[in-house]
Amino acid sequence: MADDLELGFGEAASMEMLSKKGCGRGPKARARLGARSSSVCCLLTCCLVSLPILTALTAYLLVSQLWAQGDDCVQFQQAVKGQRFGPSHQRAYMPLRDDRDKPRAHLTVVRQTPTQHLKNQFPTLNWEHELGLAFTKNRMNYTNKFLVVPESGDYFVYSQITFRGTTSECGNISPGRQQNKPDSIIVVITKVTDSYPEPAQLLTGTKSVCEISSNWFQPLYLGAMFSLQEGDKLMVNVSDISLVDYTKEDKTFFGAFLL
């Protein structure tokens with residue numbers, strides 16, 4: 001009976017001691033468990049935040065690589081086309097030429113001196129190429145009444161000649177009296193080239209001036225585009241050089257420029 005009581009008392013004491021030890025360790029274990037839960041939550045939050053950033057960075061790198069491959073492909077195709085079709089198609093990829101570098105000239109009128117001319121050709125006008133509004137640029141050259149083309153290409157060629165005269169009735173010339181008003185006035189822009197023996201007429205303009213007037217004047221303008229070769233020479237011929245108005249440079253002029 002005493003042994004049973006001692007055994008029961010020992011078991012009760014052991015259970016009590018275990019309960020005290022368990023109660024002493026409970027708060028620390030819960031604290032450690034809470035700390036671990038917080039760490040897991042922070043790690044999970046960082047992963048969730050970093051995932052979109054990593055996804056966007058990966059997409060950017062992928063798109064950049066695709067763009068670079070696309071540019072390389074386009075350059076390769078252009079190179080292949082250039083080799084296939086030759087230099088004429090390669091010019092399509094060259095930058096446009098600056099207009100300020102193209103040959104051009106604008107000549108203005110000067111007082112004309114009648115000179116001898118060819119039998120089948122009108123007198124040739126002389127021009128100012130440096131003073132006032134006149135100029136020659138980018139190797140366009142004026143020499144001996146000719147405007148010389150420096151390089152082959154399409155040029156716009158133009159001229160305006162103003163004629164002036166006094167009163168006269170066309171077709172009626174009394175004995176001892178000269179007619180000072182012609183039936184018509186004619187302007188011709190002529191091209192001279194080494195490949196042809198005869199000058200070629202590029203533009204021709206004609207106006208009738210048969211009317212009675214105290215003081216008459218008639219401007220005649222010509223202009224068109226032509227394909228010219230290096231070394232071609234341009235000049236202006238008129239039917240009567242004595243009727244050309246040389247008083248102002250904006251009335252009579254001549255020029256050309258590369259398109």
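A nonpolar core is a set of buried Ala, Val, Leu, Ile, Met, Phe, Trp, Tyr and Cys residues joined through side-chain atoms within 4.5 Å. Buried means under 20% relative accessible area, exposed means over 50%, and partly exposed lies in between (1.4 Å probe, protein chains only). The views below show a predicted model, in which local features need pLDDT of at least 70, side-chain atom pairs count only at pLDDT 80 or more, and totals for chains, interfaces and linings use all residues. Residues are numbered from 1 along each chain as its sequence is written, and side-chain values use heavy atoms, with hydrogens and water left out.

**View 1. The largest nonpolar core.** This core has 34 residues. The residues with the most contacts inside the core are Trp127, Leu147, Val157, Ile161 and Phe163. At least two core residues are supplied by each of β1 (104-109), β6 (153-166), β7, β8 (200-208), β9 (215-228), β10 and β11 (253-258). Strand β9 gives the largest share, six residues. Strands (E, at least two residues) and helices (H or I, at least four residues) are DSSP runs, numbered from the N terminus.

**View 2. Strand β10 and its partners.** Strand β10 covers residues 233-238; five of its six residues are buried, so the strand is largely enclosed by the rest of the structure. Two strands pair if DSSP finds at least two bridges between them. Strand β7 (residues 184-192) runs antiparallel to β10, and six bridges join them. In this pairing Val192 stands opposite Lys233 of β10. Strand β5 (residues 146-148) also pairs with β10 in the antiparallel sense, over two bridges. Here Leu147 stands opposite Leu234 of β10.

View 3. Val238 is found in strand β10 and is buried, with a relative accessible area of 0%. Contact means heavy atoms within 4.5 Å. Leaving out residues up to four places away in sequence, Val238 touches Phe122, Pro123, Leu125, Ile161, Phe163, Ile186, Val187 and Val244. Val238 and Gly205 are 33 residues apart in sequence, with their C-alpha atoms 9.6 Å apart in space.

View 4. Not counting residues up to four places away in sequence, Phe163 touches Ile185, Ile186, Val187, Trp216, Phe217, Gln218, Val238, Asp240, Leu243, Val244 and Asp245. Thr162 is placed in strand β6 and is buried, at 3% relative accessible area. With residues up to four places away in sequence again left out, Thr162 touches Phe217, Gln218, Pro219, Leu243, Val244, Asp245, Lys251 and Thr252.

View 5. Side chains of opposite charge can pair when their charged atoms come close. A salt bridge is a side-chain nitrogen of Lys or Arg within 4 Å of a carboxyl oxygen of Asp or Glu. The structure holds three salt bridges. Arg164 and Asp245 meet through their side chains in one of them, at 3.3 Å from N to O. This pair links distant parts of the chain, with Arg164 in strand β6 and Asp245 in the loop between β10 and β11, 81 residues apart. The side chain of Asp245 also meets that of Lys251 in a salt bridge, at 3.6 Å from N to O. Salt bridges that share partners join Arg164, Asp245 and Lys251 into one network. Asp245 is buried, with a relative accessible area of 4%. Arg164 is partly exposed at 36%, and Lys251 counts as partly exposed at 24% relative accessibility.

**View 6. The salt bridge between Arg139 and Glu151.** The closest N and O atoms of Arg139 and Glu151 are 2.6 Å apart in this salt bridge. The pair links distant parts of the chain, twelve residues apart: Arg139 is in the loop between β3 (135-137) and β4 (141-143), and Glu151 is in the loop between β5 and β6. Arg139 counts as exposed at 54% relative accessibility, whereas Glu151 counts as buried at 18%.

**View 7. A nonpolar surface patch.** Leu57, Tyr60 and Leu61 make a nonpolar surface patch of about 350 Å². Patches are made of residues with over 30% relative accessible area and no salt bridge; like charges are joined within 9 Å, and nonpolar side chains (Val, Leu, Ile, Met, Phe, Trp, Tyr) within 5 Å. Accessible areas come from the Shrake-Rupley method with a 1.4 Å probe, and for residues only the protein chains shown count as cover. Leu57 is found in helix α1 (residues 2-85). Leu57 is partly exposed, with a relative accessible area of 47%.
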